[in-house]
Amino acid sequence: MSPFFVSFKLALWTTLILLPVGMLLGRWLAFAQFKGKAWVESLILLPLVLPPTVIGYYLLLVFSPDSFSGNLVTQWFGQPLVFTFPGLVIASIVVNLPFAVQPMQLAYGSLPQEVREAAWVSGLSSSKTWWHIELPQIWQGILGSATLIFSHTLGEFGVVLLVGGNIEGRTRTVSIAIYDHVQAFDMLSAGWYSAALLVFSLAALMVVRMSAQKSKRTH
Amino acid sequence: MHTTPIIASASATTPSFDSSLEVRLQAQRGPSLDVSLECGAGEMLALVGPSGSGKSTVLRTIAGLRKVDQGFVRCGNTLWMDTENKKYVTVQQRQVGMVFQHYALFPHKSVIDNVILAIRNKSRKEKKHIAASWLERTNMTGLESRRPDQLSGGQKQRVALARALASNPAALLLDEPFSAVDQQTRRKLYRELAKLRTGLDIPMILVTHDVGEVQQLADSMCLIYKGQTLQQGSVHDVMTAPESKTIAKLLGHQNLFSATVAHHGDHLTRYQLGDGETLQGSATKLNVGQAVTLLIAPSAITIDNDSSAHDIGSNRLKGSVRDAVSMGDEWSITVHLDAVTKSLRFRIPQYQIDSRHVLPGTPINVNVRAGGIYAISESMS
């Protein structure tokens with residue numbers, strides 16, 4: 001399996017799992033007021049400032065079959081997670097949490113409370129309010145969040161190397177493959193891979209920016 | 001513009017058809033609340049108070065957007081809240097129509113979809129029909145497919161009102177609905193609302209801090225201050241006969257004088273001001289010797305020309321002009337009264353006086369109509 005396939009599979013899984021999580025957490029943080037909110041927000045943002053290798057190190061500890069948590073994980077998945085694709089997905093989720101929560105929290109936070117209240121007064125239940133009123137106004141946040149998670153997962157290196165190792169066809173992603181090729185002085189392959197990532201990332205960002213401008217015009 | 005007040009007295013209607021709104025709220029934690037008010041079907045009750053007095057809190061609690069420690073809210077035969085019997089109806093089930101301060105339209109929906117979304121239990125076709133007819137009644141025909149951000153403030157307000165009424169609400173709640181539009185639009189909207197409400201047989205509560213708005217739109221008013229309802233009654237009664245000095249001040253009355261009841265006449269009562277000066281005012285049932293605060297309506301004050309006949313139901317007071325400001329077609333004049341070393345403030349149409357006669361320091365006599373003097377018992381203040 002090509003590193004591209006591994007990378008895209010990882011990015012897709014991460015995005016699909018993180019979008020609903022980010023939506024729930026972002027909504028909760030935007031609307032709820034509670035003690036210790038700053039703690040929760042800091043914890044979620046932590047992967048943004050922590051070196052990926054540090055996160056990778058702690059994940060290795062958690063996954064280690066010698067540890068209590070690793071034992072649980074092994075029982076749950078039927079195998080140790082270190083150097084496996086599921087392990088890589090979990091690591092990727094942890095690293096990308098801030099990219100999932102932050103845009104959603106911003107999108108929900110910009111919804112006026114009065115508008116949601118008007119929906120309730122009009123007889124719309126919480127779930128109907130979410131579907132008819134909230135969702136159509138936060139899709140910018142969803143799109144932004146998805147793009148960030150997807151592109152960031154494609155580019156992730158440190159955590160992937162530590163937790164996934166570098167197993168051909170299973171955990172070798174594009175960014176690792178580039179590193180490998182450079183190590184082996186195969187600059188041409190590294191160049192192709194790099195150019196592909198560059199084009200894809202640029203295109204993804206363009207899609208987000210253009211849809212933001214379009215929605216500004218129509219709203 | 002003058003609307004005939006249609007005050008449905010709660011006691012006059014038979015209980016089975018009573019669709020009035022009854023509210024009693026109490027809160028000790030957080031901002032304290034001690035509220036009691038009633039609003040009949042077809043009645044527009046203005047909830048008036050300075051900002052931070054708790055009037056919006058009361059409205060939101062009635063709507064079901066906020067909870068209080070202790071309370072009782074009944075609308076018609078339905079109990080919306082009764083903390084004693086642990087009864088609570090959710091905001092969705094209460095079916096109130098509410099207009100928010102900043103309209104709170106759904107920004108991604110067209111005008112007609114904003115209204116349609118509030119209509120329940122009807123087919124899509126019926127909903128569309130009802131929404132269109134309410135938009136027609138609020139003068140919004142032709143703008144149905146616009147988005148809220150393509151509307152002016154006044155138009156947004158009309159859509160918000162149509163949305164609130166289209167749900168066939170049990171009560172209409174208006175939270176400072178005119179605060180965000182300009183003066184000219186406001187006057188137009190007052191007229192439209194006054195016209196629209198004549199066909200509504202539900203309790204209507206208007207939250208505002210604008211006494212002028214109350215006089216133009218409401219039948220009755222309830223004054224709220226620091227979370228406490230102070231006085232409820234018809235707009236005229238509360239405005240002209242406030243129960244306490246605090247209420248008089250909240251209503252913006254400026255000419256307040258301390259006095260005592262001196263003598264009861266046939267139709268008028270004589271009040272003793274500070275230094276021997278007395279004033280004739282409207283009759284009161286208060287005992288002679290009782291301390292009162294006299295409230296002098298600015299409309300009862302005129303400048304006394306020597307030529308004008310001194311009529312029996314008025315008082316002549318000596319003083320000097322403290323200041324006089326020309327404001328549009330009126331003069332706002334402050335007169336310092338010799339007898340009580342206090343000032344009297346009133347307005348006179350521009351054409352009635354010569355500006356040379358109101359220079360500061362000029363001696364001046366004013367006439368105060370006895371009917372415009374009202375006594376507030378000091379003990380109630």
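A: In this predicted model, chain A and chain B bury about 1,700 Å² between them, and 62% of that area lies on carbon and sulfur atoms. The contact involves 18 residues of chain A and 22 residues of chain B. Across this interface the rule finds one salt bridge. Its partners are Arg60(B) and Glu117(A), whose closest N and O atoms are 2.7 Å apart.

Within chain A, helix 1 (residues 3-31) and helix 7 (residues 126-155) have axes that come within 9 Å and cross at roughly 135 degrees. Helix 1 of chain A is therefore oblique to helix 7 of chain A, and their crossing is right-handed. Residues of helix 1 in this contact include Phe8(A), Leu12(A), Leu19(A) and Arg27(A), while those of helix 7 include Trp130(A), Glu134(A), Ile142(A) and Phe150(A). The residues of this contact comprise 16 nonpolar, five polar and two charged.

Within chain B, helix 4 (residues 124-137) packs against helix 5 (residues 153-166) at an angle of about 135 degrees, with the axes 9 Å apart. These two helices of chain B are therefore oblique to each other, and helix 4 passes helix 5 in a right-handed crossing. Ile130(B), Trp134(B) and Leu135(B) of helix 4 meet Ala162(B), Leu165(B) and Ala166(B) of helix 5. The residues of this contact are six nonpolar, with no polar and no charged residues.

Note on methods. Residues numbered from 1 in each chain as written. Chains lettered and ligands numbered in written order. Predicted model: local features only at pLDDT ≥ 70, side-chain atom pairs only at ≥ 80, totals over all residues. Heavy atoms only, no water. Axes fitted to C-alpha atoms, helices over the stretch in contact; angles between N-to-C directions. Helix = DSSP H or I, 4+ residues; strand = E, 2+ residues; numbered from the N terminus. Parallel < 35°, antiparallel > 145°, perpendicular 65-115°, else oblique. Left-handed = near helix turned anticlockwise from the far one by under 90°. Contact = heavy atoms within 4.5 Å. Nonpolar A, V, L, I, M, F, W, Y, C, P; charged D, E, K, R; others polar. Buried area = accessible area lost by both parts, 1.4 Å probe. Salt bridge = Lys/Arg side-chain N within 4 Å of Asp/Glu carboxyl O.
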